[in-house]
Amino acid sequence: MSDGPQSTRGPAGRHELYSEDAVMGAADRRRRLESAIRFGHATVMDADAETLDRLVHQVGWDRWAYSYVTFPYDLDRLGDGARYERLRLTVTYRHPRVLGAYLAPSHDNTDVPISETIVTYGVGQPRMTWDFSPCEGNVELAPHGRVVHCLVRRPPEVEQVEVVLEAEVTIVRQLLVLDRRNALFREPGHYLLSFTEGTFEPFDPGLSFRIS
């Protein structure tokens, strides 16, 4: 299956990643900006018969619509002596009957070798997670040219849905001592994805409701 053309528009959204430091004598914790992640515009394609025959094996599959959704994203480059050691990316469809049928990672930057271990969760669920770490012999994750894919099962009448994006990274800095920090969004990213129009735009969670 082709990944389809990548959008030439700017990013759909940028989200900063913060770690937290304990503040002596205070109940609150101090946030520290570590990096950021930029999401491109997701692409949506109807799954073809060959893909469904290969990936979907369940009774009554023809009662559903299947869409192949691609989420491109980049992490900010880190300074000298710093690297990404781990990344967890989570995509949640805010509809109980929009479910993951298949999850796949990939890398669309041919200049960077694939040297990562990927664990996925969420087949049969509306919440899907990709967990990336370096393969043995490698110490870091590439920040750019990153993509995840999911085959989504949905009722045919559901034409658009709210999508919630979350990410957490582990950043290692080697200065005088080894500093390892986990960083994540202050708030999840909210987007509206149209299966029929193929659009993917920021969405105000204050207007959040089940969309069909």
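Is Arg127 buried, exposed or partly exposed? Arg127 is partly exposed, at a relative accessible area of 43%. Here buried means under 20% relative accessible area, exposed means over 50%, and partly exposed lies in between, with a 1.4 Å probe and protein chains only.

Some ground rules. This is a predicted model, where local features need pLDDT of at least 70, side-chain atom pairs count only at pLDDT 80 or more, and totals for chains, interfaces and linings use all residues. Residues are numbered from 1 along each chain as its sequence is written, and side-chain values use heavy atoms, without hydrogens and water.

Now the overall picture. Of the 212 residues, 46% count as buried.

Next, salt bridges. We need a side-chain nitrogen of Lys or Arg within 4 Å of a carboxyl oxygen of Asp or Glu. That rule gives 14.

Back to Arg127. Its side chain meets Glu166 in a salt bridge, 3.0 Å from N to O. Glu166 sits in strand E10 and Arg127 in strand E8, 39 residues apart. Glu166 is partly exposed too, at 25%.

Take Arg146 and Glu116. Their closest N and O atoms are 2.8 Å apart. Arg146 is in strand E9, Glu116 in strand E7, 30 residues apart. Arg146 counts as buried at 3%, and Glu116 counts as buried at 13%.

Last, a loop. Leu175 lies between strand E10 (160-174) and strand E11 (178-184). Leu175 is exposed, at 63%.

Technical notes
Helix = DSSP H or I, 4+ residues; strand = E, 2+ residues; numbered from the N terminus.
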